[in-house]
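This report is meant for a reader meeting the structure for the first time. It begins with a term that is needed later and then moves from the whole chain to single elements.

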Amino acid sequence: SRKYEDKVIDTLNQMLVNLKQVKSLNMMPNLNKKLDKTRNKWIQEYKGKRNALTNRYCVMPYIVYIGKIILYIFLAYLVTNGKMTIDKLVLLISYFELTITCTDSMLTYLLNLSNYGIRVKRIKNILDYTSVNNIDFGDITNDYISGVVVFDKVNYEIKNKLILNNASFKIYPNEITAIVGHSGSGKTTIVNLLYRLDRIKSGSILIDDENIYNYNRKVYSSNVSGVFQKTFVFEMSIRDNLSLIDSNYKNQIEACKRIGIHDFIMSLPKGYNTIIKSDERLLSDGQKQLLAIARALLTKAEILLFDEVTSNIDPASTTIVSEILKDLKQDHTIIMVTHKPEMMDIADRVIVLDKGKVVCKGTNEEVFSKNDLYRELKNRTFASISNNEI
């Protein structure tokens, strides 16, 4: 029972650490199904444990008390017939009562077993928790989305601090749009807003001329997906990780082939059934990121968001990811937040943010020719890379 309890808690911890990604990729339904299997195993083991403890701490004490009554009657018979003295009777009873006291202490332990059940219920309550600040979904069921994204005079603030100030821009399908700027300029906020993790103060965010808050959950989560800066895979098999999005094995293989990680997976001892463990270096950070991209691709989303996905991987993996994005733009709207010049170079359009404001937007060449901040970002990053190499 502890084994399965630990499995549930371990999965829960991973979910809480990566809650934003779990919610944005709509993994909760499949995660709950997987957790239900573990919970049912726990219930089976706990029933066996409960029966054993009930026999040990309930049935046996009951037998002891019956024996106590019989013993007292027998001792009383011996005393009345002069076959036992009072002092021996008192001594025997005192020792027997000590034994009973120990039995009572053991029975108290049985009551504490309810804590196990309470802990599992708490886990379920956390998984089922719904924040009062959750953003409601609408009722639009139109799933024929081309992927045109529009920010129209969007203002967003946190604790009265303006994070996005009248931000307006348009993002087109079959293009890679890079969002760049200094740290704290509002780049990741745009991604979070597109994941519907926060609600704007004013303005509007549109996808195909419809407000994003008007789409229903299924349509929106199946059309907006992506990959985050922090590599995010569960401690389960590669196939199970992919099955959180799509359990079709053929689709999983096709996605991994397109991303270019299929051959590596097949070279592992158990292929797609290989279990990923955090304490093992079975997969590099770059390979985990590729697996996360394959998982996002399985959502069949038209709009793919990439938030600093190359910041923690090596240059070779960065090159691979850039080639993947160039391939994916053929049938997706690609939006990426990046600070790496090699990733900026592959962008068709660039949006430059400074202190929450859009200070420049347009094609890559146009923005580079007329915006000092964009040139500074690229040149400074190139300089940083050169210094690191030296």
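A residue is called buried when its relative accessible area is under 20%, exposed when that area is over 50%, and partly exposed in between, using a 1.4 Å probe and protein chains only. The structure is a predicted model, in which local features need pLDDT of at least 70 and side-chain atom pairs count only at pLDDT 80 or more, while totals for chains, interfaces and linings use all residues. Residues are numbered from 1 along each chain as its sequence is written, and side-chain values use heavy atoms, with hydrogens and water left out.

**The chain as a whole**

The protein chain has 15 helices and ten strands; here helices (H or I, at least four residues) and strands (E, at least two) are DSSP runs, numbered from the N terminus. Its radius of gyration is 31 Å, whereas a compact globule of 390 residues would have a value near 21 Å. That radius is taken over C-alpha atoms, and the globule rule is 2.2 Å times the number of residues to the power 0.38. Along the principal axes, the C-alpha trace spans about 115 × 50 × 45 Å.

Buried residues account for 44% of the 390 residues in the protein chain. The chain exposes about 21,000 Å², of which carbon and sulfur atoms supply 53%; accessible areas come from the Shrake-Rupley method with a 1.4 Å probe, and for residues only the protein chains shown count as cover. A contact means heavy atoms within 4.5 Å, and among contacts between residues at least 6 apart in sequence, 72% join residues at least 24 apart.

The protein chain carries 53 positive and 43 negative side chains, with the centres of the two sets 8 Å apart. In this count Lys and Arg are positive and Asp and Glu are negative, while His and the chain ends are not counted; the place of a charge is taken as NZ of Lys, CZ of Arg, CG of Asp or CD of Glu.

Two strands pair if DSSP finds at least two bridges between them.

Asn160 counts as exposed because its relative accessibility is 71%. Asp208, in the loop between β4 and β5, likewise is not a glycine and has a positive phi of about 55 degrees.

**Parallel strand pairs**

| Strand | Partner | Bridges |
|---|---|---|
| β6 (residues 224-227) | β7 (residues 303-307) | four bridges |
| β3 (residues 176-181) | β8 (residues 333-337) | four bridges |
| β3 (residues 176-181) | β9 (residues 349-354) | five bridges |

In strand β3, six of its six residues are buried: Ile176, Ala178 and Val180 point one way, and Thr177, Ile179 and Gly181 point the other way. Ile179 has Val337 in β8 as its bridge partner, and Ala178 has Val350 in β9. In β6, Val224 and Gly226 point one way while Ser225 and Val227 point the other, and all are buried; the bridge partner of Gly226 in β7 is Leu305.

**Two helices**

Helix α6 (residues 187-194) is largely enclosed by the rest of the structure, because seven of its eight residues are buried, including Lys187, Asn192 and Leu194. After α6 comes Arg196, whose phi is positive, near 60 degrees.

Is Ile265, at 1% relative accessibility, buried or exposed? Ile265, which is found in helix α10 (residues 262-267), counts as buried because of that value of 1%. Leaving aside residues up to four places away in sequence, Ile265 touches Ile238, Cys256, Gly271, Tyr272 and Leu291. Met27 lies 238 residues from Ile265 in sequence and 22 Å from Ile265 in space, C-alpha to C-alpha.
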